Amino acid sequence: MKTKIITTIKIRRPDDLHVHFRDNDILKLVVPYTSRFFGRAIVMPNIEPPVININQAISYQKKICNAVPVEHKFMPLMTCYLTDNTNPKVVEEGFNCGVFIACKLYLANGTTNSKYGVSKISNIYTVFEKMEKLGIPLLVHGEVTNSKIDIFDREAYFIDLVMNPIRKKFPNLKIVFEHISTKEAVQYILSCKENLVATITPHHLLFNRNNMLSGSIKPHLYCSPILKSDIHQKALREAITMDCQLFFLGTDTAPHVQNNKESSRGCAGIFNAPTALAAYATVFDEMNAIENFEAFCSLNGAKFYGLPINEGFIELKRKKVFINEKISHNKINLIPFLANEFVDWEVNVV
Ligand code: DOR
Ligand code: ZN
């Protein structure tokens with residue numbers, strides 16, 4: 001039962017601990033939507049070619065910094081894309097010199113630009129060993145890639161077939177189970193407690209597969225991992241209300257141009273940077289859990305990564321804000337999450 005209508009929420013400047021900025025013109029267009037409100041972002045390395053070494057990470061980081069408007073205070077944190085050939089020494093050096101904050105594991109051919117990913121997990125055990133020793137977090141896209149396994153079950157299978165074996169062999173390896181989408185993943189995180197946390201996206205909290213598929217197909221809700229049933233959505237919504245520090249904000253904002261979304265072979269990914277904070281606030285409000293909002297957005301992730309809490313604050317005001325149909329520049333058209341709808345919260349830096 002709601003006791004009081006909350007009209008303003010003031011929180012420490014948050015971090016987005018899972019973003020895709022892409023490259024070139026798209027990068028320039030999308031970066032300000034993240035840098036405006038977030039103090040830091042963990043940047044996924046699945047560009048073309050992927051970020052697999054220190055120099056690539058430095059030059060990608062520069063491009064991102066150059067796209068940040070001068071009035072924004074923002075730091076992109078870089079990740080290393082793991083391949084079958086990743087050299088543990090590169091990971092060590094990149095981490096020690098402060099370029100890599102973490103390494104990202106894609107199993108080969110699981111999602112956008114994952115063809116260079118790892119084909120067999122034992123191929124990178126020496127890398128995991130080094131990461132475990134140095135405390136370098138492993139960020140995991142947690143879905144098996146076997147096409148015989150139903151797409152809705154791929155995350156649950158991943159827990160048994162990949163995550164558990166890794167955790168048994170490397171119990172001190174710090175792992176982020178990215179963009180969890182199932183009740184199995186929530187239960188798994190809660191049962192492990194040590195060295196394992198998860199990010200949760202706004203789209204997996206707000207929607208389920210009925211929203212994407214019933215009546216008409218909504219390509220702008222198509223993402224990986226795919227939206228699951230309401231049972232799973234409910235488990236995620238309950239997870240964020242728990243006072244356990246194990247779940248935090250990672251939007252998985254993943255822009256694809258309109259033509260590649262509205263296509264006979266539409267790409268997976270939701271460009272949610274412009275509306276993510278309002279969407280998260282809506283869910284926390286609906287769950288009557290605004291008191292957990294700041295920890296989820298601004299504290300839990302920083303603590304896991306050993307980062308200081310950001311200086312400064314943002315404020316969310318309860319106010320209907322219309323989300324434009326498109327964000328366009330130089331022939332690039334992006335459809336933001338919740339386009340053509342009203343969100344309930346206006347966000348400002350204070
Ligand atoms: O929906 C997604 N889009 N999930 C991913 O894992 C990758 C991302 C992308 O890069 O497009
Ligand atoms: Zn992602």
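How many bridges join strand 5 to strand 6? Three points on that below, then some side-chain notes.

Before you read on: this is a predicted model, where local features need pLDDT of at least 70, side-chain atom pairs count only at pLDDT 80 or more, and totals for chains, interfaces and linings use all residues. Residues are numbered from 1 along each chain as its sequence is written, chains are lettered from A and ligands numbered from 1 in the order in which they are written, and side-chain values use heavy atoms, with hydrogens and water left out.

1. Strand 5 and strand 6. The answer is 3 bridges, joining strand 5 to strand 6 (residues 138-140) in parallel. Two strands pair here if DSSP finds at least two bridges between them; helices (H or I, at least four residues) and strands (E, at least two) are DSSP runs numbered from the N terminus. One of the bridges has L105 partnered with V140 in strand 6. To get from strand 5 to strand 6 the chain goes through helix 4 (residues 125-134), in a right-handed β-α-β crossover. Right-handed means that, with the strands pointing away from the viewer, the path from the first strand over the helix to the second runs clockwise.

2. Strand 5 and strand 4. On this side, strand 4 (residues 75-81) pairs with strand 5 in the parallel sense, over 4 bridges. C80 has C103 of strand 5 as its bridge partner. Helix 3 (residues 88-96) carries the chain from strand 4 to strand 5, and this β-α-β crossover is right-handed too.

3. How enclosed is strand 5 (residues 100-105)? Since 6 of its 6 residues are buried, strand 5 is largely enclosed by the rest of the structure. Buried means under 20% relative accessible area, exposed over 50%, and partly exposed in between (1.4 Å probe, protein chains only).

4. Q61. Look in helix 2 (residues 54-66) for this one. Q61 is buried, at a relative accessible area of 16%. Setting aside neighbours within four places in sequence, Q61 is in contact (heavy atoms within 4.5 Å) with M75, P76 and M78.

5. N310. This residue sits in the loop between helix 12 (293-305) and strand 10 (313-322), and its 8% relative accessibility makes it buried. The N310 side chain makes a polar contact with the side chain of R40 at 3.4 Å. A polar atom of the N310 side chain also lies 3.4 Å from the backbone oxygen of P14. For the cut-off, a polar contact is a pair of N or O atoms within 3.5 Å; within protein, one must be able to donate a hydrogen and the other to accept it, and residues adjacent in sequence count only if both atoms are side-chain atoms.

6. Aromatics. The whole structure holds 16 aromatic pairs. One of them, Y33 with F271, is edge-to-face, at 6.0 Å centre to centre and 90° between the planes. Rings of Phe, Tyr and Trp (its six-membered ring) pair if their centres lie within 6.5 Å; planes under 30 degrees apart count as stacked, over 60 as edge-to-face and the rest as tilted. Y33 belongs to helix 1 (residues 24-35) and F271 to the loop between helix 10 (258-261) and helix 11 (276-286), 238 residues apart. Y33 is partly exposed at 27% relative accessibility, whereas F271 is buried at 4%.

7. Aromatic cluster. Y280, F284, F293 and F296 form one aromatic cluster. F284 and F296 are both buried.
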